[in-house]
Amino acid sequence: VYTIGFNASSAIVNLSQIPLFVTPYLAGKYDGGYVGSFRIPKTRAALSKAYGNTLLSGVSDTGTFTLKEGLTLPEGKAAELKRMATLVQTASNRGLLGQGYIAEAMGLNEAGRIKKGTRLGNALDNVSVFSASLFNFAEQLNRQVTLMASFDLALNKATNQNPANATQEQIDAAVKEAIHDTQKTNGGTFL
């Protein structure tokens, strides 16, 4: 585990997960795959939009997710992001938006572990968490982008490309599908 620390190449390799695993999976599911062409318009558009959407969320004092204050958004963007509220809250409740898988598996941010550990053990754990921050950031970005792109694609499919008229039932089904796709392509907290 300590070999990931201060190793930018691990983070760069981790960022390759979207183009190497997520894109082909989603393209096969929503764009008919790469049959005879590399054109995958739905998947490419959903992934592009998801990267931009990762910058727009905030957390209120009550722990619910909201849009950041003072944003100037294009028409319809606020409504699109509000449809994702169920996704973001569900993903957060399931631990998909927090720390990276390595830190989580090691239990590095658990208060009980810190209280029980030795001074040297705690220091090594803190160095490990700090040194792997690039890797963990890349892992969280992959997870968030995959969640949002999968949600977008599933909701568009469920609503015949008209997500503005989505029912709560369709949104809930798209959330379930997005979490499934994310776990399938990114691994993570349920494996």
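Let me start with a term: a helix crossing is left-handed if the near helix is turned anticlockwise from the far one by less than a right angle, and right-handed if clockwise. Helices here are DSSP runs of H or I with at least four residues, numbered from the N terminus.

Before we use that, a word on the model. It is predicted, so local features need pLDDT of at least 70 and side-chain atom pairs count only at pLDDT 80 or more, while totals for chains, interfaces and linings use all residues. Residues are numbered from 1 along each chain as its sequence is written, and side-chain values use heavy atoms, with hydrogens and water left out.

Now, the pair I promised. The crossing of α3 and α9 is right-handed. Their axes, lines fitted to C-alpha atoms over the stretch in contact, lie 8 Å apart at an angle of about 130°. The angle runs from 0 to 180 degrees between N-to-C directions. That is therefore an oblique pair, oblique being whatever is left after under 35 degrees (roughly parallel), over 145 (roughly antiparallel) and 65 to 115 (roughly perpendicular).

Who touches whom? Taking contact as heavy atoms within 4.5 Å, α3 brings residues including Lys42, Leu47 and Tyr51, and α9 answers with Leu141, Met148 and Asp152 among them. By class, this contact has nine nonpolar, two polar and three charged residues. Here Ala, Val, Leu, Ile, Met, Phe, Trp, Tyr, Cys and Pro count as nonpolar, Asp, Glu, Lys and Arg as charged, and the others, Gly among them, as polar.

On to α2 and α10. Their axes come within 10 Å and cross at roughly 135°, which makes α2 oblique to α10. This crossing is right-handed. Phe21, Tyr25 and Leu26 are among the α2 residues in the contact, and His180 and Lys184 among those of α10. The classes are five nonpolar, four polar and four charged.

Next, the core. A nonpolar core is a set of buried Ala, Val, Leu, Ile, Met, Phe, Trp, Tyr and Cys residues joined through side-chain atoms within 4.5 Å, and buried means under 20% relative accessible area, with exposed over 50% and partly exposed in between (1.4 Å probe, protein chains only). The largest one has 27 residues, and Leu26, Leu47, Leu87 and Phe151 have the most contacts inside it. Its largest share, nine residues, comes from α9. Beyond its neighbours within four places in sequence, Phe151 contacts Arg83, Met84, Leu87, Ile171, Ala174, Val175 and Ala178.

Definitions and conventions: Helix = DSSP H or I, 4+ residues; strand = E, 2+ residues; numbered from the N terminus.
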